[in-house]
Amino acid sequence: MSVRVLKLELRAGDESLATMDFERGCDDVFVGRSHACNLCTPADDHSVSGRHARLFWKGNVPYIEDAGSRNGTLLDGKRLEKPVKLEVGGVYGMGGCCLVVSAKQKETDKSGAQYHQLEYLNGEHQGEVADICPR
């Protein structure tokens, strides 16, 4: 089953700089030193470009690509040469920072019951996700 919401965490060493949800269908997300980016690295980390990397959804699949940065966006120590699928558990290097990707935890209602989701795998609503709420 494909993921609908990812949790993005920007880190510098052991320090968490920022987190955000990356939901299917949302606008592109930019990571970099510029204050115009969705996830901002420290302004004094000149190993990160102003607009370093772009995250986007293509259909139901999330991707990351380098946004023309000077030092590149890395996965497993290798520079990204083209957009690659964003993987849960992936750690993407950007200068002195890294972007950690995880699956968003299920939401709970006031009683503590978890919500669930149903994804249509075929038919008229293929790729759509429906929230299933406990009563």
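Analyst: Strand 7 (residues 74–75) is joined to strand 8 by two bridges, and the two strands run antiparallel. Strands here are DSSP runs of E of at least two residues, numbered from the N terminus, and two strands pair if DSSP finds at least two bridges between them. The model is a predicted one, in which local features need pLDDT of at least 70 and side-chain atom pairs count only at pLDDT 80 or more, while totals for chains, interfaces and linings use all residues. Residues are numbered from 1 along each chain as its sequence is written, and side-chain values use heavy atoms, with hydrogens and water left out.

Within this pair of strands, Leu75 has Lys78 of strand 8 as its bridge partner. The loop between strand 7 and strand 8 contains Asp76. The phi of Asp76 is near 55°, a positive value although the residue is not glycine. Most residues other than glycine have a negative phi. Asp76 is also exposed, because its relative accessibility is 69%; the classes are buried under 20% relative accessible area, exposed over 50%, and partly exposed in between, with a 1.4 Å probe and protein chains only.

The C-alpha atoms of Glu81 and Glu65 lie 7.9 Å apart, although 16 residues separate the two in sequence.

Leu6 stands opposite Ala103 of strand 11. Strand 11 also pairs with strand 10 (residues 91–94), in the antiparallel sense and over four bridges, with Gly93 opposite Cys98. Strands 10 and 11 form a hairpin that has two residues between them, and Gly95 in the turn has a positive phi of about 60°.

A second open sheet has five strands in the order 4-3-5-6-9, with mixed pairing. Its edge strands are strand 4 and strand 9 (84–85), each of which pairs on one side only. In this sheet, strand 3 (residues 29–32) runs antiparallel to strand 5, and three bridges join them. Phe30 stands opposite Arg54 of strand 5.

Thr41 lies in the loop between strand 4 (39–40) and strand 5 (53–58). Thr41 is buried, because its relative accessible area is 5%. Leaving aside residues up to four places away in sequence, Thr41 touches Leu10, Leu17, Val31, Gly32, Arg33, Val48 and Cys97, where contact means heavy atoms within 4.5 Å.

The cysteines deserve a final word. A disulfide is counted when two cysteine sulfur atoms lie within 2.5 Å, and by this rule the count is zero. The cysteine sulfur closest to that of Cys37 belongs to Cys40, but the distance is 5.7 Å and therefore too far for a bond. Cys37 is buried, with a relative accessible area of 8%, whereas Cys26, at 31% relative accessibility, counts as partly exposed.
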